[in-house]
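Open the model in your viewer and keep the selection tool at hand. We will go from stop to stop, picking a few residues each time and looking at what surrounds them.

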Amino acid sequence: MNALDATAVVLNWQTADHTIRSVRALVADGLPPEHVVVVDNASGDGSVERIRAELPLCPLVALEENAGFARGNNAGARARPARSYLFVNSDAFVQAPGSAQRLLEAIRLPRVGLAVPRLLNEDLTLQPSVVPTSSPLPELVRASGLSRFVPNRLQPALATHWDHGESRTIQAATGAVIAVRGEAWRDLGGFAEHRFMYAEDIDLFWRARELGWETRFVAEAEFVHLGNASAGTRWSDAERAEQVARAQAAMIREHLTRPKATLTLGLMALGVGGRGLVYRALGNRAAAETMAGWLRGYVAGVRDS
């Protein structure tokens, strides 16, 4: 697969500056502008006019309402069907030249359905993105505070402190940038649209693996990811944490049996509750309030399971 086989989708909600920068970085990395679909999620702030003026060769899908992450990205994929897709957050920008092509090459390997790059913070430090799908064992490790001591080779399956030093098969990753093989995309039916926002990326990985697709981390592909560019204008850190936790809880209940889901969510609540107490004892009120948001979301998930 190459850039001529691919459609990139960049979803915009009141982040026109980031979106334009993200698209231009993709084009500079070899994607034809005609292959980069920009979806505006009813920003209502002049984004559509700016994007149309500054990215005149890119297809633009202007939605009449804020459809959320999943529906917005699915609309972009429908606008230009292709043999492969590259979903890029508006605040994610190609860093290493050739990154888009490396991701597309990864999903050409036999049975590889999804691939993600190494993510970097704005200062080019590592932004850990590879995570295990939630179940009792990894959540027990994380809640216990021992996750940092898990050997690096076991980290991707048990914790979130892997060094991201090599390309390999993974369980899941936070999806600021995801390449998806066209066959896998059709098998999956796109992102699940029954939630407005959050957990759609992990859910995509989880469902892909359930269908027999391999999911990969590509160390040689690098993107800078700012993080929380859209949601940061909508919610406080604590409010966002609760929203994410509720979405994660709903996803976990869909993929695990009821007893396993209840135990998993209970361990997740225990972990963030303990960290919240530590932050409060240290006088870090903002961090404690954010942990309280996570706790509320997970406790609600336990009640619903």
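At what angle do helix α8 and helix α9 pack, and how far apart are their axes? Select residues 200-210 for α8 and 237-255 for α9: the angle is about 10°, and the axes lie 11 Å apart. Keep in mind that you are looking at a predicted model. Angles under 35 degrees count as roughly parallel, and α8 and α9 are therefore roughly parallel to each other.

Is arginine 207 buried or exposed? Its relative accessible area is 17%, and since buried means under 20%, arginine 207 counts as buried. To see its surroundings, leave out the neighbours within four places in sequence and select Leu188, Gly190, Phe191, Ala192 and His255, which are in contact with arginine 207.

Next, move to strand β11, residues 214-225. This strand is mostly covered, with nine of its 12 residues buried. Which strands pair with β11? Visit these three in turn:

- Select β6, residues 112-120: this strand runs parallel to β11, and eight bridges link the pair. Look for valine 112 opposite glutamate 214 of β11.
- Select β5, residues 92-94: here the pairing with β11 is antiparallel, over three bridges. Valine 94 faces phenylalanine 223 of β11.
- Select β8, residues 168-169: two bridges join this strand to β11, again in the antiparallel sense. Threonine 169 is opposite arginine 216 of β11.

For the last stop, select helix α2, residues 47-54, and highlight its buried residues Ser47, Val48 and Ile51. Why do they sit on the same side of α2? They cover an arc of only 95° around the axis, which puts them there together. Finally, bring in what the buried residues of α2 pack against: β1 (6-12), α1 (16-28), β2 (36-40) and β3 (60-62).

Technical notes:
Residues numbered from 1 in each chain as written. Predicted model: local features only at pLDDT ≥ 70, side-chain atom pairs only at ≥ 80, totals over all residues. Heavy atoms only, no water. Axes fitted to C-alpha atoms, helices over the stretch in contact; angles between N-to-C directions. Helix = DSSP H or I, 4+ residues; strand = E, 2+ residues; numbered from the N terminus. Parallel < 35°, antiparallel > 145°, perpendicular 65-115°, else oblique. Buried < 20%, exposed > 50% of the residue type's maximum accessible area, 1.4 Å probe, protein only. Pairing = 2+ DSSP bridges. Arc of directions from axis to C-beta. Contact = heavy atoms within 4.5 Å.
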